[in-house]
Amino acid sequence: MKRSSLIPYYRSFFQNNTRDFILGMIATVAESAGAVGVAWLIQQLLDACTGNPAALPFHQLLVISVGLLLIYLGAIQLERFTTSRCIPKAMAQYKRFLFSRISQKSIAAFRQENTATYLSAITNDTQSIQIGIGDLFNASNSLLTLICAVCLMVWYSPVMTLAALALASLFFVLSLPASRNLVKAEKELSDCNEGLTARFKDFLTGFPVVKSFQAEKEMGNLFSEDVTKSANADKKRRMANLMFYFTIDGGIAAARVSILLIGAYLAITGRGVSAGMVIAFAELLNQVMAPMQQLPLCLADLKAAKVLIQKAADNLEKNVRDEGEDIPPVLQTKLELRNLSFAYEPEKPVLHGITHTFEAGKRYALVGASGCGKSTLLQLLMGGSTYDGKILCDGHELQGISSRSLYALTSHISQNVFLFNATILENVTMFRDFPRDEIDKAMRLSGLSQLIAQKGIGFLCGENGCNLSGGEKQRISIARSLLRKSSVLLVDEATSSLDPKTAMQVSQALLNLTGVTEIVVTHSLDAQLLRQYDEVIAMKAGNLVEAGKFDDLMGKKGYFYSLYTVSQ
C-alpha cells in the first residue's frame, strides 16, 4: 500500500512556530558549547593548581569562568523557555490539523471507519508524538555536544580520542537492537490503546442496551481483556526501555574506567598528557557517552513518533473527499435517479434499479413498509454511500460532486437526532451566526416556541440532548435544517417523536416552504397531508412500484391503495 506523504503533517508542527524553534536551536548550540567549555575550564583550573606553565593566569580564568557560566545558564534558560512555548504550540497545531483532515471526509467514508482510531490518534498517540518533538531538541543538543566534545578531545589527545570513540561506537551499535524493539513496542501499545478506546466508546454509547440486557459482566470481561492487552503492551515497552538502558549503562561505566586508565598511563609515562587533561578527558567522556546514550533513545522516540504520524496519515488520507466538481447551491431543474441499485452486503441488494426524476421546487412523499429502502435512498442522496447506477443533480453525477457543494445543496432531517452538549440556540445554529429573525422563524415553524418559553434559548441540552425529550430533540433538528434554507430538503420521519398535533403543524410548515425540493419519508399516511404533495412514491422491497398524485393512486387501487387502507 502506498504510504501517505507526511510533509503536511510535519509542516503543521512548525507553521507559525518557526521563531521559537530557531531560538530553541540557537540556545541548544550555545548550551552544547558551554557544556564542553566547562570541561576545558576544569582542565585549565586543575593545571593552574598543579603549577603547569601551559595553564592560563588565574585572573583570566576567573573572568572566563564568570562569562562561561552566564552564557551556559542563559542558554539553558532560553532553551527551556522556547521549548516550553514551541512544543505545546506544535502539538496544538497538529491536533487542529488532524481535526481539519477528519472534517474533510465524506459521510460515506466516515461510516466505514472506526472512530476509535481517531480518538486514539488525538489523545494517546499525541502524548508519544510530543515526546518525539521534544527529542528533536534533545537529539540536536546531544549531537552538537558530541561533536564539540570530540573536537576538544582530539586537540587534547588523538590516541585517547580514538580509544574513547571506539568504545562509544561499540556500545552505540549494541544499543540499536534495543532501540528497534522500543519502536516496535511503542506501535504495539498504540494499537492496544486504540482497541481499548474503541471498547470503552462502545460501552458508553450502548450503555442503555448493556443495562437492559444485563450484560454488564460480559462487557466487563471484554473490557478487562482489552485492559490486560494494553497493560501487557505497556509492560513490553517498559522492558524494551529497560533493556536499552541496561545495554548502554554497562558500556558507559566500562568506557569511563578504560579511558581513565589510558589517560593515567599516558600522564605517568610522560606522553604529553597532564593531570588536568586526564580529568578534563573524563568530563568530556561524559559529554560523549551521555549523547551516545541519549541519541538512540531520541532516535527511537522520533521513529516511534513518525510511525504514529504515518498511522494517522494513512487513516486520514483514505476516503478524503476534498476534490470534486463544484456546483451551484440551488437545484435548477431536477434530481434524477437512473437504474440506482445499492447493497450493504454483496449479493443482498437493498435497492433494485430505481429510475425516477424529482423536479426542482416540487414536494415528494416516499411511502412503504419498514425496510423497503426509503431511508437508504435518502442516505444515498446525501452522499452516504457508494452505489451502482447514477444520481444526477442538474446533470452532474453526485459521486463526482465535491462534498462542500453537495452539503451546501442539501439538508437532511433524520429520525435519529444528535445534539451537542451546548445550548438550544447553539444546536439550532450549529455554532454559526444567523439573523435573529431567521432563527425565530425556524424555531416557530419547527414548534420550538413552547420549549423556548419554558426553558429559554440558553438552556443546556446535555450530552446528545439528554436533558430533552425525544420530541424536543426532533424539533431542534427540524429547526436547524430549516435555518439553512437548503435547496433540497431530505426528511426521514421528522415527526415520528412528536405528538399528533405538533406533528401535523410541523408537517404543514414543511409543506408550506416555497422554492425547496422536498423528499419526505413518512409512515403517517394522512390524506390531508398526502394530497398536498406533488407526487407520492410507493416503494416495496427496494423497488419503486407506484408514483403519482394521491387521488390518482387511490383510484388505481394498487399497492399504495392497499398500504393506505391497512394503515387506517
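**Figure 1. Overall dimensions of the protein chain.** In this predicted model, the protein chain has a radius of gyration of 35 Å, whereas a compact globule of 568 residues would have a value near 24 Å. The C-alpha trace spans about 120 × 50 × 50 Å along its principal axes. The chain contains 20 helices and 10 strands. Of its 568 residues, 46% are buried. Among contacts with a separation of 6 or more, 77% link residues 24 or more positions apart.

Figure 2. Strands of a sheet pair through backbone hydrogen bonds, either parallel or antiparallel. Here 4 strands form an open sheet in the order 2-1-4-5, and their pairing is antiparallel. Strand 2 (348–359) and strand 5 (396–397) stand at the edges; each has a single partner strand, so one side of each is left without a neighbour in the sheet. Strand 1 (residues 334–345) is joined to strand 2 by 8 bridges, and the two run antiparallel. Within this pair, Lys334 of the chain stands opposite Glu359 in strand 2.

**Figure 3. The loop between strand 4 and strand 5.** Asp394 is located in the loop between strand 4 (388–393) and strand 5. Most residues other than glycine have a negative phi. Asp394, although not a glycine, has a positive phi of about 50°. Is this residue buried or partly exposed? Asp394 is partly exposed, for its relative accessible area is 25%.

**Figure 4. Strand 3 and its parallel partners.** Strand 3 (residues 363–368) is mostly covered, with 5 of its 6 residues buried. Strand 3 pairs with strand 8 (residues 517–521) in the parallel sense over 4 bridges. The bridge partner of Arg363 in strand 8 is Glu518. Strand 3 also pairs with strand 9 (residues 535–540), in the parallel sense and over 5 bridges. In that pairing, Val367 stands opposite Ala538 in strand 9.

Figure 5. Which sense does the pairing of strand 9 with strand 10 (residues 543–548) take? The two strands pair in the antiparallel sense, over 5 bridges. The bridge partner of Met539 in strand 10 is Leu544. Strand 9 and strand 10 form a hairpin with 2 residues between them. In the turn, Ala541 has a positive phi of about 50°.

**Figure 6. Helix 11 and the residue that follows it.** Helix 11 (residues 374–381) is largely enclosed by the rest of the structure, because 6 of its 8 residues are buried. The buried residues of helix 11 are Lys374, Thr376, Leu377, Leu378, Leu380 and Leu381. An α-helix has 3.6 residues a turn, so residues three or four places apart point the same way. Just after helix 11, Gly383 takes a positive phi of about 75°.

Figure 7. Thr423 is placed in the loop between strand 6 (410–413) and helix 13 (424–429). The relative accessibility of Thr423 is 17%, so this residue counts as buried, the cut-off being under 20%. Which residues does Thr423 touch, not counting those up to four places away in sequence? Thr423 touches Ile457, Gly458, Phe459, Leu460 and Cys461.

Figure 8. Phe431 is situated in the loop between helix 13 and helix 14 (436–445). The phi of Phe431 is near 70°, a positive value in a residue other than glycine. With a relative accessible area of 49%, Phe431 is partly exposed, because a residue counts as exposed when its relative area is over 50%.

**Figure 9. Gly470 in helix 16.** Gly470 lies in helix 16 (residues 470–484). At 42% relative accessibility, Gly470 counts as partly exposed. Gly470 and Ile7 are 463 residues apart along the chain, and their C-alpha atoms are separated by 46 Å.

Conventions: Residues numbered from 1 in each chain as written. Predicted model: local features only at pLDDT ≥ 70, side-chain atom pairs only at ≥ 80, totals over all residues. Heavy atoms only, no water. Rg over C-alpha atoms; globule rule 2.2 N^0.38 Å. Buried < 20%, exposed > 50% of the residue type's maximum accessible area, 1.4 Å probe, protein only. Contact = heavy atoms within 4.5 Å. Pairing = 2+ DSSP bridges.
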